Amino acid sequence: MIMSELLEVKNLKKYFKTPHGMLHAVDDVTFSIDKNKTMGVVGESGCGKSTLGRAILNLTPVTSGSVRFEDKELTEMGKKEWHEQRRDMQLIFQDPFSSLNPRYCVRELIADPLKVYHLCKGKGELEKRICELMDTVGLARRFMYAYPHELDGGRRQRIGVARALSLNPKFIVCDEPVSALDVSIQAQILNLLMDIQDETGMAYLFITHDMSVVKHISDDIMVMYLGCTVERASSKELFLRQLHPYTQGLMSAIPVPSIHYEKKRQIMKGELVSPIEPKPGCRFAARCPHAKDECRQTTPALEEVLPDHFVACHRVRELNSL
């Protein structure tokens, strides 16, 4: 049997030191991604989504845990090993403007990673590769010598996608790549990423706070809250049944484009607890309408309550009649 698993993350933790104690940005997160698959990561701002992606890519060193890519342990790699590893693991940034050097034109921006890794033998091969990448992402060649400030958000993000694709990676972390774009441009970028995945077989970790976007592109979805995974399942399963109160609240907030549809919304009230030195207990308990003493005193473990459907909630079986 051929194993298709590309990335495996186990008990990953990333803490930041603050004057008031350790901030638990990512706390004991576990998941895996297969080749040609997309893992969507959703949650409110500040839940640790972007930190998770950066920790996987070693852009911020992990506190503890394991990150394995094609059976290689990434957390034990040195600087030289990481230089080679980054050819297989790339990142598309959230802000398509601040992630580009304003002094470089489009040609120079796309050529930069190709030059760093010496992937083109001569100027002719380099020019050919730049044109191929621009054609792949749907960026007209007339913009080759344009600068980022001369382009709109969609074209800037296409440059970011082209840079990420330039090294032929096997895995890309997409850090909210469409959140700053118009809806019509969002659809273009999402369809582009999906088409590229179909052609190349690469895997994505797609970070977003938009439930509609994550449904469109993801095979599996992981819901995070204050650094922890509260629910994880396939996209189809999660949109069919949400078992954690936080996930139910996120789904309830999705707008329905109909004036005749009356939707009973589950409004999440209360304040977020501090992620600095969090006390034992469910971190959602302060905002959960179903919380009991056990929820406030004991941290729930992420357990498989249905086939391939994982939830971290003490009352999940009781509330969902499982």
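Which orientation do H3 and H4 have relative to each other?

Reply: The model is a predicted one, in which local features require a pLDDT of at least 70, side-chain atom pairs count only at pLDDT 80 or more, and totals for chains, interfaces and linings use all residues. Residues are numbered from 1 along each chain as its sequence is written, and side-chain values rest on heavy atoms, with hydrogens and water left out.

H3 and H4 are roughly perpendicular to each other, because their axes cross at roughly 115° (65 to 115 degrees counts as roughly perpendicular, under 35 as roughly parallel, over 145 as roughly antiparallel, and the rest as oblique). Helix H4 covers residues 123-136, and its axis comes within 10 Å of that of H3. Here an axis is a line fitted to C-alpha atoms over the stretch in contact, and angles run from 0 to 180 degrees between N-to-C directions. Helices (H or I, at least four residues) and strands (E, at least two) are DSSP runs numbered from the N terminus.

From H3, the residues Val106, Arg107, Ile110, Ala111, Leu114 and Lys115 meet H4. Their partners in H4 are Leu126, Glu127, Arg129, Ile130, Leu133 and Met134, where contact means heavy atoms within 4.5 Å. By class, this contact holds eight nonpolar, no polar and four charged residues (nonpolar: Ala, Val, Leu, Ile, Met, Phe, Trp, Tyr, Cys and Pro; charged: Asp, Glu, Lys and Arg; polar: the others, Gly among them).

The axes of H3 (residues 106-116) and H5 (residues 153-165) come within 8 Å and cross at roughly 25°. Val106, Leu109, Ile110, Asp112 and Pro113 of H3 meet Ile159, Ala162 and Arg163 of H5. The classes in the contact of H3 with H5 are six nonpolar, no polar and two charged residues.

The buried residues of H3 are Val106, Arg107, Leu109, Ile110, Ala111, Pro113 and Leu114 (buried means under 20% relative accessible area, exposed over 50%, and partly exposed in between, with a 1.4 Å probe and protein chains only). These residues pack against H4 and H5. After H3 comes His118, whose phi is positive, near 50°.

Gln90 counts as buried, because its relative accessibility is 15%. Gln90 and Ile172 are 82 residues apart along the chain, yet their C-alpha atoms are separated by 4.7 Å.

As for the setting, the protein has eleven helices and twelve strands. Of its 322 residues, 49% count as buried. Among contacts between residues at least 6 apart in sequence, 63% join residues at least 24 apart. Along its principal axes, the C-alpha trace spans about 70 × 55 × 50 Å.
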